[in-house]
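Here's a quick briefing to read alongside the model. Have the sequence and the 3D view open as you go.

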Amino acid sequence: MKETATAEKSASKSSEAGAEAAKLAPRVFYPAAAIIIGVVIVALVSPEATSKLVSTAGSSVIDTLGWYYVLITFGFIVFCGWLAISRFGEIKLGRDDEKPEFSTVSWFAMLFSAGMGIGLMFWGVAEP
């Protein structure tokens, strides 16, 4: 009987901790949700105008920023590489005493699979 009560208390504490971690920040969530829902509604109501707006915005970014956009992207990739090989690359995500859930090989396999998946989704519509 005591074991059951202890197990129930333990489960209750862990569910409370999970609920505490799962709280959403209303000042972030609701404005973001409103913007997303607004954009979706506008796109559903007027798809031609939305397509023209997005196409114009994309062309504008490419035409006005051009090489600067490519340079910023390259700089970001270099920065990420620097983070990976610097002392910041040794920061452990999680508790200090925890073992990683997945091995390095598993992480590379997941990244490769995600890259292949998005490539298939993106280029799949270009195939006849």
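Which residues line the largest pocket? They are Ile 91, Lys 92, Leu 93, Glu 98, Lys 99, Pro 100, Glu 101, Phe 102 and Trp 107. Keep in mind that this is a predicted model, where local features need pLDDT of at least 70, side-chain atom pairs count only at pLDDT 80 or more, and totals for chains, interfaces and linings use all residues. Residues are numbered from 1 along each chain as its sequence is written, and side-chain values use heavy atoms, with hydrogens and water left out.

**Overall build**
- The protein chain has four helices and zero strands (DSSP runs of H or I, at least four residues, for helices, and of E, at least two, for strands, numbered from the N terminus).
- Starting at the N terminus, the order of elements is α-α-α-α.
- Of the 128 residues in the protein chain, 2% are buried (under 20% relative accessible area; exposed is over 50%, partly exposed in between, with a 1.4 Å probe and protein chains only).
- The protein chain exposes about 12100 Å², and carbon and sulfur atoms supply 71% of that (Shrake-Rupley method, 1.4 Å probe; for residues, only the protein chains shown count as cover).

**Pockets**
- A pocket here is an open set of points on a 1 Å grid over the protein atoms alone, where a 1.4 Å probe fits, with protein on both sides within 12 Å along at least five of seven lines; lining residues have an atom within 4 Å of a point.
- The largest pocket has a volume of about 300 Å³ (the space filled by probe spheres set on the points, which are joined across faces, edges and corners).
- Its lining has five nonpolar, no polar and four charged residues (Ala, Val, Leu, Ile, Met, Phe, Trp, Tyr, Cys and Pro are nonpolar, Asp, Glu, Lys and Arg charged, the others, Gly among them, polar).
- The second largest pocket comes in at about 240 Å³, with Phe 102, Ser 103, Thr 104, Trp 107, Phe 108 and Leu 111 around it.

**Salt bridge**
- The structure holds one salt bridge (a side-chain nitrogen of Lys or Arg within 4 Å of a carboxyl oxygen of Asp or Glu).
- Its partners are Arg 95 and Glu 98, at 3.2 Å, N to O.
- Arg 95 is exposed at 57% relative accessible area, while Glu 98 is partly exposed at 36%.

**Helix H3**
- Leu 71 sits in helix H3 (residues 47-85) and is exposed, with a relative accessible area of 55%.
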